[in-house]
Amino acid sequence: MQLLEFTPLYMERVWGGRGLEAKLGRTLPDGQVIGESWEIVDRPDEQSVVASGALAGQTIRELLESSAADILGPGSDPAKPFPILVKWLDCQDRLSLQVHPPAAIAPSLGGEPKTENWYVADANADASLIVGLKKGVTREQFETALANNQAEDCVHRFPVKAGDSILVESGRMHAIDAGNLILEIQQNSDTTYRVYDWGRVGLDGAPRQLHVEESLQSIDFNDFEPDPLTIIPGEQVLADCSEFRIRKLELQPGDAAIELPAGEQARLIHIVTGTVKDEISGQTLVGGNNTLQPYVTSAKLVAESATTLLITDQF
């Protein structure tokens with residue numbers, strides 16, 4: 001079985017733009033404000049479709065129903081959705097202040113938990129992220145600030161640059177500021193509770209729906225001023241949680257190949273910048289690509305240019 005590349009699904013968002021054209025070389029739908037490119041998704045309402053090769057045209061759901069053991073390994077349940085959802089986010093404006101429900105309370109709210117990791121692939125000079133609360137802010141103070149449209153005074157905002165990474169676990173309040181291109185690798189969920197939207201209206205001109213009560217039940221009010229990971233050159237673990245592990249690797253032409261043997265686990269290969277070639281299949285993976293390595297497939301990646309890539313596994 002080949003390395004599986006999928007056709008992106010583009011989503012209009014009020015905070016999006018056309019940045020994926022210039023930054024990732026994508027061809028976007030005309031006249032739309034694109035905020036998200038769903039790269040790998042197995043949801044009832046959205047399905048990734050294999051883009052090329054012998055399996056072209058098949059959805060990820062069809063692949064799992066027919067070949068779950070080949071894709072995810074022995075004993076995999078073909079009825080279960082693929083556990084990871086991968087997105088590119090082009091944030092031309094600030095996203096809403098939001099939270100995803102922790103696993104312990106998500107069912108009671110009718111939602112799903114969602115732990116996600118943000119890898120900043122590109123950022124404007126003044127780009128920032130909002131994650132967690134300022135030290136000492138209480139739930140009562142935050143609720144008062146919400147009522148007075150002053151929530152920004154309570155949240156932790158910090159500058160970021162390309163290469164920064166932070167794990168946003170369920171229950172951690174967050175927002176992405178304008179000027180960020182982010183690779184989001186997340187638990188397969190589409191539950192987001194907006195607690196505050198900066199007084200903005202949606203694409204239809206009306207205020208967007210808020211979920212204040214659900215948010216207040218979900219927010220970890222002991223989550224104060226988390227910092228992004230300190231990035232080091234070479235290989236590094238960016239995230240290691242119960243939902244997934246993410247490693248960053250940096251390659252140069254002439255470096256030893258990255259060998260990813262079959263029969264260990266399924267993996268996701270994310271090319272942030274650069275180009276690699278798989279010496280086994282002959283496939284070339286370029287910047288912006290997000291590729292599924294099935295359990296039964298070996299890969300041997302060689303850099304054709306200076307490359308930064310992420311590998312997600314243990315999902």
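**Entry 1: salt bridges**

I took a salt bridge as a side-chain nitrogen of Lys or Arg within 4 Å of a carboxyl oxygen of Asp or Glu. The model is a predicted one, in which I required pLDDT of at least 70 for local features and 80 or more for side-chain atom pairs, while totals for chains, interfaces and linings use all residues. I numbered residues from 1 along each chain as its sequence is written, and I used heavy atoms for side-chain values, leaving out hydrogens and water.

I noted 25 salt bridges in the structure. One of them joins the side chains of Asp42 and Arg61, at 2.9 Å from N to O. Asp42 belongs to strand 4 (residues 42-43) and Arg61 to helix 2 (residues 60-72), so this pair ties together parts 19 residues apart in sequence. For these elements I used DSSP runs numbered from the N terminus: helices are H or I of at least four residues, strands E of at least two. Both Asp42 and Arg61 are buried; I set buried at under 20% relative accessible area, exposed at over 50% and partly exposed in between, with a 1.4 Å probe and protein chains only.

I then turned to Arg43, whose side chain meets that of Glu112 in a salt bridge of 3.0 Å, N to O. Glu112 lies in the loop between helix 3 (106-109) and strand 8 (116-123) and Arg43 in strand 4, so the pair ties together parts that are 69 residues apart in sequence. Glu112 is partly exposed at 28% relative accessible area, whereas Arg43 is buried at 15%.

I also recorded the salt bridge of Arg247 with Glu235, with 3.2 Å between the closest N and O atoms. Arg247 sits in strand 16 (residues 245-251) and Glu235 in the loop between helix 5 (212-218) and strand 15 (236-240), 12 residues apart. Arg247 is buried, its relative accessible area being 15%.

**Entry 2: the chain as a whole**

I counted 5 helices and 23 strands in the chain. The radius of gyration is 20 Å, close to the 20 Å of the globule rule for 315 residues, so the chain is as compact as a globular protein of that length. I took this radius over C-alpha atoms, and the rule as 2.2 Å times the number of residues to the power 0.38. Along the principal axes, the C-alpha atoms fill a box of roughly 60 × 40 × 40 Å. Of the 315 residues, 53% count as buried.

I checked contacts (heavy atoms within 4.5 Å): among those between residues at least 6 apart in sequence, 74% join residues at least 24 apart.

**Entry 3: single residues**

I located Ser298 in the loop between strand 21 (290-293) and strand 22 (299-303), where Ser298 is partly exposed at 30% relative accessibility. Leaving aside residues up to four places away in sequence, I found that Ser298 touches Leu260, Pro261, Ala262, Asp278, Ile280 and Gln293.

I closed with backbone angles. Most residues other than glycine have a negative phi. Asn149, not a glycine, has a positive phi of about 55°. Asn149 is in the loop between helix 4 (139-147) and strand 10 (155-159) and is exposed, at 59% relative accessible area. Trp198 likewise has a positive phi, of about 60°, and is found in the loop between strand 14 (193-196) and helix 5.
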